[in-house]
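Dear colleague,

Here is the structure I said I would pass on. Notes on what was found in it follow below.

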Amino acid sequence: MRLHTAVALAAAGLLALAGTALAQQPIVIKFSHVVAVDTPKGKGAEYFKKLAEGRTKGRVKVEVYPNSSLFKDGEEMEALQLGSVQMLAPSVAKFGPLGVREFEVFDLPYIFDTFAELHKVTEGNVGKLLFQKLESKGVTGLAFWDNGFKDFSANRSIKLPADYKGLKMRIQSSKVLGDEIKALGAIPQVMAFSEVYQALQTGVVDGTENPPSNFYTQKMNEVQKYLALTDHGVIEYAVIVNKKFWDGLPADVRTTLEGAMKDATKYANDIAKKENDDALEAVRKSGKTQILTLSADEKNQLKKVLLPVHKENESRIGKDIIAEVYKATDFKP
Ligand code: LMR
């Protein structure tokens, strides 16, 4: 064999090897989120990873980055649009900065009484419409995941509206939530989730609102003396992907991942209530935060002050969307 033939053959062999290696490279999905692993969303993400990797027999690798370890609030949406991350599950209170304010319908105080009511919306017309609105932003919505009902916390006893006066309260980036805090005579402060513990500890803010699962797993019970069981709103997530990435997947892989997402959604939503009940129990047991239960009258007083926030945000969210949610949940304004 002439030398140059041998070199050509060797090169061809190397190329073939490289080609095989490339063909075997898994498709990587970076899934970034801001909460602890031990939460409904954290566990849902891990479960999706397990199903996705197993069912695609390793063709897909899901790298889950919990606890804002890859991107924080305020960074992650842009990272998704740029393709630096492929999958997120932000709270629906964080879609305003993306230019899709209609998601803030979920933040309207006391609009949902039960998970069943919430699901009527996420699984109905409004859920579909909201996901359609994402497409023009280069984002595809795959599923809604539950966390739970939010409670207010602070270092002073907070039961009646007057108790909130002057408190600096951390909120997510939603105008509706800002209006909710203002309605209580308190001062809203938008802040990334990853910064809340320290802000509470150092007194940058006085209080906040969370479902018990987030409150406990971020150790806020160490820095908040009172947690009032107000159940005035929800934290709900939209699992979203970069549209170009998702549309560009081999069709069979995409179908398998859609199936994995469907099952992970069921899993996450099935565990959400218990995760929150257990977290509340853990807060109680820690003995650091006093849990305040509101009487029907106290809750009504809070409702009376908070409900005008619906009307104030009619033009922002859209009258039709609000009306559809009212209808689905049998809400009487
Ligand atoms: C928050 O910022 O309080 C929540 O959106 C965090 C989360 O993802 O549950």
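A polar side-chain atom of Lys94 sits 2.7 Å from an oxygen atom of the ligand, a polar contact being a pair of N or O atoms within 3.5 Å. The protein buries 100% of the 270 Å² that the ligand exposes when taken alone (Shrake-Rupley areas, 1.4 Å probe). The residues around the ligand (a heavy atom within 4 Å) include Lys41, Asp73, Phe193 and Tyr237.

This is a predicted model: local features need pLDDT of at least 70, side-chain atom pairs pLDDT 80 or more, while totals for chains, interfaces and linings use all residues. Residues are numbered from 1 along each chain as its sequence is written, and side-chain values use heavy atoms, without hydrogens or water.

Elsewhere, helices H5 (residues 125-135) and H14 (residues 319-329) have axes that come within 10 Å and cross at roughly 150 degrees. The pair is therefore roughly antiparallel (over 145 degrees). Asn125, Val126 and Leu129 of H5 meet Ile321, Glu324 and Val325 of H14 (heavy atoms within 4.5 Å).

Regards

Definitions and conventions: Axes fitted to C-alpha atoms, helices over the stretch in contact; angles between N-to-C directions. Helix = DSSP H or I, 4+ residues; strand = E, 2+ residues; numbered from the N terminus. Parallel < 35°, antiparallel > 145°, perpendicular 65-115°, else oblique. Polar contact = N/O pair within 3.5 Å; in protein donor to acceptor, adjacent residues only side chain to side chain.
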